[in-house]
Structures are given as structure tokens and as C-alpha cells.
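Hi everyone, thanks for coming.

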Amino acid sequence: MRIGVVIAVYNRRGQTLEALEAISRLRKPNDCLIETFLLDDASPDGTADAIEARFPDVRVLRGTGAMYWNGGMRRAFAEELKHDFDYYLWLNDDTLLCE
């Protein structure tokens, strides 16, 4: 089973890193793969660079600064759809998944 996670963020580096950390800690069956697509809408706080440094498996897309949440989610989801996941999970960067 493959799950694609989509997140759009702007200027909340610490909060976003915490959400990604929670995703990475999830216990899942051996046949389950989670891939995250994240659009950073030109955050001035270095969000995209921090994510790429700490979570190299997260696919970081970069916005223009004028996409807002809706445009960011739409673009990240469009990219994610190219990979034919079994399930898609849309999250906000303030969502902490737990077991």
C-alpha cells in the first residue's frame, strides 16, 4: 500500500518540521510506504531548506509566494497524482499524527 501525503506551508518552519517528524515516527505495516509532497510558498524563514536538510525523502516543491494554501495544495496534489498512490492524505502543517 502506498500513501501520498500532501502539505502546503508558509513561514512556519518549526511547526512544519514537527509535523514531518510525527509522520516519520508512525509505525506502519511492512507493506506500507508513505511519501510526502510539500509545497513551500516562498517562506522567508527558510522552511524549504530546513525540510530538505532534515527530511531528504520529502519532495519539496517551491511556490511563488502568491499560491496560499489552496493553490499550494492544488499544485502539490497535481504532482502527487503523477505517482499513482493507493491513498492520498491531505494535512495541514499543524497536524501531528500519532499512534
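Let's begin with a term: a residue is buried under 20% relative accessible area, exposed over 50%, and partly exposed in between, using a 1.4 Å probe and protein chains only. By that scale Tyr-88 is partly exposed, at 30%. This is a predicted model, where local features need pLDDT of at least 70, side-chain atom pairs count only at pLDDT 80 or more, and totals for chains, interfaces and linings use all residues. Residues are numbered from 1 along each chain as its sequence is written, and side-chain values use heavy atoms, leaving out hydrogens and water.

Now, the rings. Rings of Phe, Tyr and Trp (its six-membered ring) pair if their centres lie within 6.5 Å; planes under 30 degrees apart are stacked, over 60 edge-to-face, and the rest tilted. How many aromatic pairs does the structure hold? There are five. In one of them, Phe-77 and Tyr-88 have ring centres 5.3 Å apart and planes at 90 degrees, so this pair is edge-to-face. Phe-77 belongs to helix 3 (residues 68-81) and Tyr-88 to strand 4 (residues 87-91), so the pair ties together parts 11 residues apart in sequence. Helices (H or I, at least four residues) and strands (E, at least two) are DSSP runs, numbered from the N terminus.

Phe-77 is partly exposed too, at 22%. Phe-77 also forms an edge-to-face pair with Trp-90, with 5.2 Å between centres and 65 degrees between planes. Trp-90 sits in strand 4, 13 residues from Phe-77, and is partly exposed at 41%.

Finally, ring pairs link Phe-37, Trp-69, Phe-77, Phe-85, Tyr-88 and Trp-90 into a cluster.
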